[in-house]
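Have the structure open as you read, and follow along residue by residue.

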Amino acid sequence: MARLVIVSNRVTVGGKKGQAPGGLATALKDVLTPETIWFGWSGKRGETSGRLTRSNADGAEIIAMDLAEKDFTRFYVGFANRTLWPLLHYRPGLLSFDRSDYEGYLTVNNQFADALMSFLRPDDIVWVHDYHFIPLAACLRQRNFTGRIGFYLHIPFVPPALFSVLPPGRALLSALCEYDHVGFQTETDVRHFRACVMEILRYSISKEGVIFGPHRPCISNAIPVGIDTEAFSAMAAEAEHQEEAERLRDSMGGKALILGVDRLDYSKGLPQRFTGYGRLLEKYPEHRQHVGFLQVAPRSRDDVKEYRDVKRQLDQLVGQINGQHADFDWVPLRYITRDMPRSMLAGFHRVARVGLVTPLRDGMNLVAKEFVAAQNPADPGVLVLSRFAGAAAELQDALLINPFDPDEIAEALHAALTMPLAERQARWRRMYEIVHRNSASAWSQACIQAVLGNRHMDVQPSSRYYWQRDQQAGKRR
């Protein structure tokens with residue numbers, strides 16, 4: 001019987017064993033069965049790579065591998081987060097490329113492939129997640145694994161003009177075509193990927209999005225990731241009456257709460273968000289003393305300079321905004337940089353009048369969907385959302401803003417704070433229906449079916465002809 005083998009960068013072992021951080025664990029909940037294997041980095045660094053730890057969590061088997069300090073630095077800190085992350089978030093000016101980091105990235109992918117081959121069966125379905133493991137399918141194919149392999153990119157994908165900046169871009173693009181299925185968050189990301197394949201690799205692509213590379217057809221499409229809407233809604237309704245949410249509500253003293261929840265990351269638009277909130281207090285003084293902004297931003301990747309720089313910038317902005325606008329009985333902006341339990345944040349979402357989500361570029365942004373799911377249908381809050389978040393393609397009833405314009409953020413916040421109840425209810429209802437329909441379960445099942453989808457695909461002769469024609473044209477160039 002075929003097993004599902006999930007591969008992601010991080011699988012935490014210890015404490016809540018096997019519980020991966022972030023939204024991925026929640027999104028995968030429905031496919032974690034006793035037959036499922038989840039393989040990834042243990043979070044531990046030592047002198048050598050390769051030690052495997054086995055455990056069980058949520059009914060699935062967790063296999064985690066340690067990494068050598070040198071491998072971690074080049075693979076994760078170096079190429080993954082100093083090269084791929086900024087490029088794929090449309091920030092080429094922050095990109096730093098070093099060939100030794102790229103070699104380390106390939107080394108770790110090969111180490112993962114070796115470890116996987118030690119327990120993979122020929123009929124296993126391998127589902128690989130995110131930019132850390134773009135070459136993994138090619139590594140497994142080199143080791144003669146012939147089973148189905150799918151890939152899902154949780155972050156954006158850029159158009160050819162930007163992707164061509166990446167020195168090993170052609171090799172990585174070719175490696176992506178070794179998967180049976182490549183999934184993306186939005187149709188925009190899919191269009192960019194296909195454009196790169198056609199312009200850089202000169203492969204043929206069918207109208208249905210099937211890429212005809214030299215070894216196998218590869219399906220590419222958009223399947224937006226979701227959340228367990230009903231469970232999160234129930235969690236928020238319960239958490240609303242727990243101590244932490246009551247304390248937050250009491251501390252507001254009847255003021256409207258604007259809430260932001262993000263990792264502390266330069267892609268999240270936090271400085272722009274703080275500046276926009278400050279502009280609200282300047283342009284619309286009627287909100288002074290009647291509103292408060294709480295930003296929860298757990299620190300991440302402190303070993304990357306750009307993340308430390310963002311924190312310093314935010315510290316300065318908090319001081320400036322509170323120094324300019326605070327009163328003896330009112331602190332306009334509160335800012336927390338430590339982790340909080342998901343259930344507590346669900347209660348905070350329920351209490352908030354405005355959810356403020358302003359990434360400069362984001363694959364999806366599940367916080368936006370969680371805010372919608374958490375609302376009280378009788379008195380829902382308003383979502384202010386960056387048009388550059390993947391969630392904006394689905395949540396058109398949010399107040400969509402350009403996060404680079406602080407006045408637009410301020411105007412949207414004012415509109416949200418003054419929006420009549422009937423309009424808030426109507427906007428929320430339409431968004432909730434979408435979030436409920438495009439759930440985590442629907443996403444995971446659609447992705448797995450897509451990985452299996454071209455098992456019996458008939459590659460038409462015309463498609464082969466066009467691929468060969470394009471290859472010859474490419475050689476002439």
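Leaving out residues up to four places away in sequence, R143 touches N110, A113, D114 and M117, where contact means heavy atoms within 4.5 Å. This is a predicted model, in which local features need pLDDT of at least 70 and side-chain atom pairs count only at pLDDT 80 or more, while totals for chains, interfaces and linings use all residues. Residues are numbered from 1 along each chain as its sequence is written, and side-chain values use heavy atoms, with hydrogens and water left out.

**Around R143**

You will find R143 in the loop between helix 4 and strand 6. Helices (H or I, at least four residues) and strands (E, at least two) are DSSP runs, numbered from the N terminus. With a relative accessible area of 23%, R143 is partly exposed; buried means under 20%, exposed over 50%, and partly exposed in between, using a 1.4 Å probe and protein chains only. The side chain of R143 also makes a polar contact with the side chain of D114, at 2.6 Å. A polar contact here is a pair of N or O atoms within 3.5 Å; within protein, one must be able to donate a hydrogen and the other to accept it, and residues adjacent in sequence count only if both atoms are side-chain atoms. For a sense of scale, the C-alpha atoms of R143 and D309 are separated by 42 Å, and the two residues are 166 residues apart along the chain.

**Strand 6 and the sheet**

Is strand 6 buried or exposed? Five of the five residues of strand 6 (residues 148-152) are buried, so this strand is largely enclosed by the rest of the structure. Both of its faces are covered, with R148, G150 and Y152 on one side and I149 and F151 on the other.

Strand 6 runs parallel to strand 5 (residues 125-129), and five bridges join them; two strands pair if DSSP finds at least two bridges between them. Within this pairing, Y152 is the bridge partner of H129. Between strand 5 and strand 6 the chain passes through helix 4 (residues 136-142), making a right-handed β-α-β crossover. Right-handed means that, with the strands pointing away from the viewer, the path from the first strand over the helix to the second runs clockwise. Strand 6 is also joined to strand 7 (residues 181-184) by three bridges, again in parallel, and there G150 stands opposite H181.

Stepping back, ten strands form an open sheet of mixed pairing, in the order 3-4-2-1-5-6-7-10-9-8. Strand 3 (52-57) and strand 8 (204-205) are at the edges with a single partner strand each, so one side of each has no neighbour in the sheet. Strand 8 pairs with strand 9 (residues 210-212) in the antiparallel sense over two bridges, and F212 is the bridge partner of S204.

**Nonpolar cores**

In soluble globular proteins, nonpolar side chains tend to be buried together. A nonpolar core is a set of buried Ala, Val, Leu, Ile, Met, Phe, Trp, Tyr and Cys residues joined through side-chain atoms within 4.5 Å. The largest one here has 101 residues, and F112, L136, F157, I258 and Y277 have the most contacts inside it. Helix 2 (residues 69-88) supplies the largest share of this core, ten residues. A second, separate core of 61 residues includes I125, I227, M252 and V296. Setting aside neighbours within four places in sequence, F112 has contacts that include V7, F39, W41, M65, F133 and L136.

**Salt bridges**

How many salt bridges does the structure hold? There are 28, each a side-chain nitrogen of Lys or Arg within 4 Å of a carboxyl oxygen of Asp or Glu. Three of them are listed here.

| Pair | Closest N and O atoms |
|---|---|
| R279 and D407 | 3.1 Å |
| E394 and K369 | 2.9 Å |
| D379 and R424 | 2.7 Å |

R279 is partly exposed at 24% relative accessible area, and D407 is partly exposed at 26%. In the second pair, E394 counts as buried at 11% relative accessibility, and K369 counts as buried at 0%.
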